[in-house]
Amino acid sequence: MSKQVNLEKKVLSENDLLAAEIRKQMTERGIVSLNLVSSPGSGKTSLLEQTLAALSLDLRIGLIAGDVQTENDANRLVRAGGKMVRPLMTGGACHLDAKMVSRVLPDFDLAGLDLLLIENVGNLVCPSSFDLGENMKVVLISTTEGDDKPLKYPAMFRRSSVMVINKIDLLGTSDFDITRVKENARRINPDLEIFEVSCRTGAGLERWFEWLVDLMAKKQKVHGERSDVAMADADSEQR
Ligand code: MG
Ligand code: ZN
């Protein structure tokens, strides 16, 4: 058993090193990167479709659509207007890892990208352990699931910065209690930013779009200041 634990540790630490490299590459270019995680069917692809439709004119968005076997989600995202969509089939693996992401990154023109959205495989367990070099994990939960999911999968909710509650148009059709799910989630992670949306009706999405645009603006401001510093340093070296 300890052999297996050691192997897992080795795999994860190799993954973390590679993820740190990816993050550095993204930061240098001022790209914000989000890793979307959830159970199958919570609406990751639907949220991405809506996000592309709303923000594609203002932001240059790259998408990595992870899937175990098919390119169906990637095709949906291209139809939704995604110009830079790259399917990533895991061939059976139940999560994405940093190595898979680094293999597809050269397919993107990173200099022409503001935002990189990664749709992970639908699974709330192991994707929580694999850093993909993202700035934040965004966990989705839909009102057709159990409101105790944050308690059942605490690692995922602890490591996420944002929780999107999808399918609020279906509230009241099941025992799902939105107050309880938020309490459960905040018990695990008090800092979670929470959004309540319906990707079907569009309810609540405006706030999500605004938050994304704000996030980009903050990140690019920091990036701009850093480039200024770098240029000032270069100037002073020349003198
Ligand atoms: Mg999907
Ligand atoms: Zn897995």
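Me: How are the donor residues of the zinc ion (ligand 2) spaced in sequence?
Reply: Please note that this is a predicted model. The spacing of the zinc donors along the sequence is C-H-x30-C.

Me: Which atoms coordinate the zinc ion (ligand 2)?
Reply: The coordinating atoms are SG of Cys94, ND1 of His95 and SG of Cys126, at 2.0 to 2.2 Å.

Me: And where in the chain are Cys94 and Cys126?
Reply: Cys94 belongs to the loop between β3 (84–89) and α4 (98–104), while Cys126 belongs to the loop between β4 and β5. They are 32 residues apart, and the pair links distant parts of the chain.

Me: Is Cys126 buried or exposed?
Reply: Cys126 has a relative accessible area of 19%, and it is therefore classed as buried, the limit being under 20%. Cys94, at 37%, is partly exposed.

Me: Now the other metal. What are the protein donors of the magnesium ion (ligand 1)?
Reply: They are Thr45 through OG1, Asp73 through OD and Glu119 through OE, lying 2.1 Å from the ion. Their spacing in sequence is T-x27-D-x45-E.

Me: Switching to pockets: how much space lies in the largest pocket?
Reply: The largest pocket holds about 190 Å³ of space. It is lined by 16 residues, and those closest to its centre are Pro40, Gly41, Lys44, Asp73 and Glu119. Asp73 and Glu119 are also magnesium donors.

Me: What classes of residue make up that lining?
Reply: The lining has three nonpolar, eight polar and five charged residues. Helix α2 supplies the largest share, three residues.

Me: Last topic. Which residues have the most contacts inside the largest nonpolar core?
Reply: Those are Leu34, Val164 and Trp208, in a core of 31 residues. The element giving the most to this core is α8, with seven residues. Apart from this core lies another, of 19 residues, including Ile64 and Leu96.

Me: What does Val164 touch, leaving out residues up to four places away in sequence?
Reply: Val164 touches Leu47, Val138, Val139, Leu140, Ile141, Phe195, Val197 and Trp208.

Technical notes
Residues numbered from 1 in each chain as written. Chains lettered and ligands numbered in written order. Predicted model: local features only at pLDDT ≥ 70, side-chain atom pairs only at ≥ 80, totals over all residues. Heavy atoms only, no water. 1 Å grid on protein atoms, 1.4 Å probe; cavity = no way out; pocket = protein on both sides within 12 Å on 5 of 7 lines; lining within 4 Å. Points joined across faces, edges and corners; volume = space filled by probe spheres on them. Helix = DSSP H or I, 4+ residues; strand = E, 2+ residues; numbered from the N terminus. Nonpolar A, V, L, I, M, F, W, Y, C, P; charged D, E, K, R; others polar. Core = buried A, V, L, I, M, F, W, Y, C linked by side-chain atoms within 4.5 Å. Buried < 20%, exposed > 50% of the residue type's maximum accessible area, 1.4 Å probe, protein only. Contact = heavy atoms within 4.5 Å. Donors = N, O, S within 2.8 Å, 3.2 Å for Na, K, Ca; no water.
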